[in-house]
Amino acid sequence: MSVAAPGELLPRKRPVVVARDLRKVFTGPDAVPFDALRDVHFEVAPGTLTALVGPDGAGKTTLMRMIAGLLHPDGGTLEVLGLDVRHEAQAVQNRISYMPQRFGLYEDLSIQENLDLYADLHGVSKETRAERFPRLLAMTDLARFTARPAGQLSGGMKQKLGLACTLVRVPDLLLLDEPSVGVDPLSRRDLWTIIEQMIAEEGLSVLVSTAYMDEAERCERVHVFNKGEQLAQGTPQELRTRVAGLTWVASPRSEEPARDLQARLIDASERIVDAVPSGGEVRYIRRPEVTDEQLDDLVGDRVARPREEELEDAFMLLLREHESDRNQVPGPSADVAGDEVRSGSSTSAAKDEAPIIEVRDLVRRFGDFTAVASTSFDVRRGEIFGLLGPNGAGKTTTFRMLCGLLPATSGHLEVAGVNLRTARATARRRIGYVAQKFALYANLSVRENLEFFGGAYGLRGRALRDRIRVIEAQFELDPHAQSGILPHGYKQRLAMAAGLIHEPRILFLDEPTSGIDPLARRAFWRTITQLSQSGVTIIVTTHFMEEAEYCDRIAIQDAGRLLALGTPRKVREQAGERGRDMNSAFIAIVEQGREASMSREPETEAVS
Amino acid sequence: MLRDRSNLLVGFLLPIALILLFGYGLSFDVKNAPVAIVIDEPSLAARELVAGVEGSSYLASRRVGTLAEAERLLGDGKVDAIVHVPVDFLRQRGRGAAQVQLVLNGIDSVTATTLEAYIAGALGKAMEHRFDRGQGTAHGAGQIVLVQRIWFNETSNSTWYLVPGLVVLIMTLVGAFLTSLLVAREWERGTLESLFVTPVRPIEIVIAKLAPYVLVGLVDLAMCLLAARLLFDVPIRGSLVAVLLSSTMYLVVSLLLGLFISGTTRNQFAASQVALLTSFMPAMMLSGFVFDLRNVPLGVQVAAQVVPATHFMALIKTLFLAGTDWPMVARSCLILGGYALVLLFATRRTLRKRLD
């Protein structure tokens with residue numbers, strides 16, 4: 001190892017991070033040690049943006065923490081900025097900036113005080129602050145709120161402030177651990193604008209972990225991880241070529257919902273790697289070894305054409321291959337809804353009945369603040385209804401009113417034929433609710449949890465036992481497993497099982513897919529579509545805009561107002577030019593809504 | 001409930017500890033209380049008189065040559081009471097009523113009252129004994145008058161006894177409880193992870209956490225002292241410098257204990273429970289605040305010596321009610337300083353910038 005020349009020319013050319021055979025062992029919740037990372041070879045080139053992508057539990061955070069000197073490697077070598085982190089952690093920490101997943105803002109301190117604190121910690125001079133703070137505040141659009149306590153900022157603003165705090169000086173390496181997790185698409189876009197601007201202006205070396213492929217696409221190098229192993233690395237272009245020729249899109253028959261075709265495709269896992277509904281069509285990836293004839297059989301007379309491969313496709317292929325090597329987690333049984341699953345047509349029959357949820361001029365105020373302003377919509381039986389909106393849009397408030405957890409200030413609210421304002425308890429018996437953080441008892445077994453929730457809904461004795469047996473089989477749950485140490489995907493299944501124990505007619509799911517990996521998400525939506533085919537109405541909120549494509553109809557809320565309502569296609573059309581995919585359509589609609597409300601205060605905006 | 005270990009601990013272990021402590025360890029009874037006996041003019045009558053005191057299983061008496069020496073022992077807290085048989089005891093007795101002086105240490109007013117009753121009883125028994133043997137009638141009435149004086153707390157006022165102890169409790173509360181939440185909160189909110197990846201050193205974090213609370217603690221101390229003096233009329237006989245010095249030492253120990261608990265548990269709820277169990281409860285039960293430590297079994301005494309509050313409790317009571325005993329101040333401050341150092345390093349270790 002040569003000593004860095006005083007001119008600092010040498011270190012700039014050398015990789016800022018070099019990892020060889022890196023290994024980290026953790027003890028699992030079941031007290032069995034497992035490899036959180038194994039045999040990782042890894043480099044970060046200076047002055048570039050490098051991405052770590054992978055589902056939860058891939059080892060991204062562990063790797064970040066090891067680079068930051070917070071965790072000791074259990075094997076291999078790790079060099080950061082030419083220093084051995086194992087022995088010179090403090091020297092590394094003096095030169096890098098790190099933004100953990102839950103960035104450590106002091107919630108009682110104001111924006112200015114948080115910036116000052118981190119500037120003090122890094123010993124930033126007065127002159128540098130005078131030059132840098134206004135720039136950071138302008139970039140993050142926080143200049144107007146400098147006196148506001150960090151605890152009172154929205155999720156997106158907090159994240160931007162966290163980023164600003166790591167940039168109080170120019171670090172030699174910036175580590176960002178999932179900076180956009182739990183952030184709505186608008187804030188996500190702002191965040192990336194800042195990161196790219198700082199790289200362009202200051203030649204920062206950045207290592208960022210993310211679950212979003214469109215973010216990884218912006219990086220110069222991408223490293224794909226799963227379950228502690230590095231599956232692939234390269235430029236986004238290089239990774240994309242892995243799926244060249246395998247990516248296709250198929251249009252469903254007329255009157256056939258896209259998600260039925262998607263279900264048909266994704267169930268054929270021996271031929272299809274992945275399938276998702278998108279823009280009324282179904283995008284899918286073929287298995288490399290599958291012949292055209294085998295596929296014709298599956299697609300039938302529907303129109304299928306090749307499409308350009310994307311990073312997401314490569315990622316899904318890598319994950320699916322890795323998981324099948326490990327012989328892992330099958331989705332829940334396809335029998336959730338009985339045998340009608342494959343006969344796609346049975347779905348629409350039930351839907352055109354009278355609405356099962358009716359909302360008219362719903363208003364909820366907290367003091368002076370109107371969380372939900374005059375909202376009207378209805379949901380029909382067997383429908384999957386998506387409620388979307390940026391952080392603080394009023395989704396959660398609307399959701400809670402629908403579940404009868406929060407009384408409405410005014411308006412008409414009818415759920416399952418019962419007026420929620422007068423007969424909340426009756427209505428509640430007809431709905432199931434799965435909270436965002438699964439409200440399960442971690443130290444009870446699966447069976448005990450189900451017994452508890454069944455008991456809470458008034459099921460007793462024989463009826464309860466029978467119901468539990470049915471639902472355990474349905475969701476393929478092991479009754480004796482302890483709930484707390486189940487893998488995330490299984491925990492969620494258990495949460496859904498608990499929500500369905502009393503056979504409700506409506507199931508409410510609050511951000512069910514946040515924090516689960518793409519494969520588990522596919523499996524989850526497969527379950528949801530099957531449930532809906534069996535006649536259960538589903539109301540779901542989500543941060544993943546592409547998931548709106550699984551819904552029959554969606555509503556977009558912002559600042560308490562309903563901005564768009566209709567089928568995914570209709571909502572995309574409403575966004576016009578910019579509505580290529582759900583994500584950009586969402587951004588366009590929210591921005592249009594905000595502009596309109598600025599120019600035409602204070603009228604409530606038209607509902608589409 | 002069955003699988004929630006920490007709650008089980010509070011639910012069952014705490015009551016068991018309390019039952020045992022109160023049942024066996026702590027009581028207001030006095031056992032083996034050190035008593036100095038001074039006989040100015042040796043005589044059979046005087047020896048007979050104090051024989052009751054010497055024979056009592058509740059009292060551990062020792063003969064001392066002069067009253068001055070006995071008073072010094074009392075001042076040092078080596079004895080709790082002096083039984084003084086004056087020079088003219090025989091002559092006075094001959095005249096019908098003899099005076100025996102009893103000097104009690106009033107710092108612990110509960111013990112003082114109990115002791116007084118014991119000694120009076122023991123002396124009375126000796127007299128009855130004599131009377132039974134028929135000697136009483138031959139040599140006159142032989143009445144004994146016990147002349148009693150209470151030192152350090154003349155009015156035998158329990159406020160005097162409790163208020164200095166309150167200083168200890170308040171310092172413990174401010175110290176351990178406030179700080180026990182600090183580091184745990186930062187672990188829970190994730191702020192510590194970002195803080196670690198900065199040039200800041202663990203010892204700097206400890207000092208930064210400590211400094212503001214030392215200030216808060218000193219303000220509380222000032223309030224305590226003013227209240228003691230102005231509201232409750234408790235004298236502060238020792239040097240104010242010694243009071244401030246030792247209180248600050250104890251405060252730092254208390255704060256560091258809180259920080260250590262906080263850094264070890266990394267969870268606010270657990271931290272406050274542990275802080276309650278390891279700092280406030282012992283300071284209340286074991287430090288000698290309510291219960292006189294000399295009357296408890298050896299095991300409890302040893303346990304009490306481990307509690308920092310015990311050392312500060314003895315010192316602050318002496319400083320308030322007796323005066324400055326510099327060797328005692330030095331010894332207690334040394335012990336507290338030792339605790340502070342150990343806890344400082346232990347706390348620094350809990351913040352050593354590692355997540356595994």
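How many of the 356 residues in chain B are buried? Buried residues make up 41% of them, where buried means 20 or more other C-beta atoms within 10 Å of a residue's own, exposed means 12 or fewer, partly exposed lies in between, and C-beta atoms are placed from the backbone.

Before the close-ups, some ground rules. This is a predicted model, in which local features need pLDDT of at least 70, side-chain atom pairs count only at pLDDT 80 or more, and totals for chains, interfaces and linings use all residues. Residues are numbered from 1 along each chain as its sequence is written, while chains are lettered from A and ligands numbered from 1 in the order in which they are written.

**Figure 1. Chain A as a whole.** Chain A holds 21 helices and 24 strands; these are DSSP runs numbered from the N terminus, with helices (H or I) of at least four residues and strands (E) of at least two. Its C-alpha atoms fill a box of roughly 75 × 60 × 50 Å along the principal axes. The radius of gyration of chain A is 25 Å, which agrees with the value near 25 Å for a compact globule of 608 residues; the radius is taken over C-alpha atoms, and the globule rule is 2.2 Å times the number of residues to the power 0.38. Buried residues make up 46% of chain A. Of the contacts in chain A with a separation of 6 or more, 71% join residues 24 or more positions apart, a contact being two residues whose C-beta atoms, placed from the backbone, lie within 7 Å.

**Figure 2. Helix H2 of chain A.** Helix H2 covers residues 60-67, and seven of its eight residues are buried, so it is largely enclosed by the rest of the structure. The buried ones are A:Lys60, A:Thr62, A:Leu63, A:Met64, A:Arg65, A:Met66 and A:Ile67. Just after the helix, look for A:Gly69, with a positive phi of about 80 degrees.

**Figure 3. Two glutamates with positive phi in chain A.** A:Glu476 sits in the loop between helix H17 (461-474) and helix H18 (488-499). Its phi is near 50 degrees, a positive value in a residue other than glycine. A:Glu476 is partly exposed, because it has 16 other C-beta atoms within 10 Å. A:Glu503 is in the loop between H18 and strand E21 (506-509), and has a positive phi of about 50 degrees although it is not a glycine. With 13 C-beta neighbours inside 10 Å, A:Glu503 counts as partly exposed.

**Figure 4. The nonpolar cores.** The largest nonpolar core has 235 residues; a core is a set of buried Ala, Val, Leu, Ile, Met, Phe, Trp, Tyr and Cys residues joined through C-beta atoms within 7 Å. Those with the most contacts inside it are A:Ile67, A:Leu175, A:Ala497, A:Phe508, A:Ile538, A:Ile556 and B:Val253. Leaving out residues up to four places away in sequence, B:Val253 touches B:Pro308, B:Leu336, B:Tyr339, B:Ala340 and B:Leu343. A second, separate core of 31 residues includes B:Ala33, B:Val64, B:Val85 and B:Ala98.

**Figure 5. Where chain B meets chain A.** Here 17 residues of chain B are in contact with 20 residues of chain A. Helix H8 (residues 191-196) gives the most to the chain B side, with six residues. That side divides into seven nonpolar, four polar and six charged residues, counting Ala, Val, Leu, Ile, Met, Phe, Trp, Tyr, Cys and Pro as nonpolar, Asp, Glu, Lys and Arg as charged, and the others, Gly among them, as polar. The model scores ipTM 0.73 and pTM 0.77.

**Figure 6. The two domains of chain B.** Chain B, with 14 helices and five strands, is divided into domain 1 (33-151) and domain 2 (157-350); the bounds come from an automatic or database domain assignment. Their centres, taken over C-alpha atoms, are 40 Å apart. The contact takes eight residues from domain 1 and ten from domain 2.

**Figure 7. B:Thr265 in helix H10.** B:Thr265 lies in helix H10 (residues 240-265) of chain B. It counts as buried because it has 21 C-beta neighbours inside 10 Å. Beyond four places in sequence, B:Thr265 touches B:Ala184, B:Ala270, B:Ala271 and B:Val274.

**Figure 8. Confidence along chain B.** Chain B averages a pLDDT of 82, and 89% of the residues score at least 70; pLDDT is the predictor's confidence in each residue, from 0 to 100. Over residues 136-141, pLDDT stays under 50.
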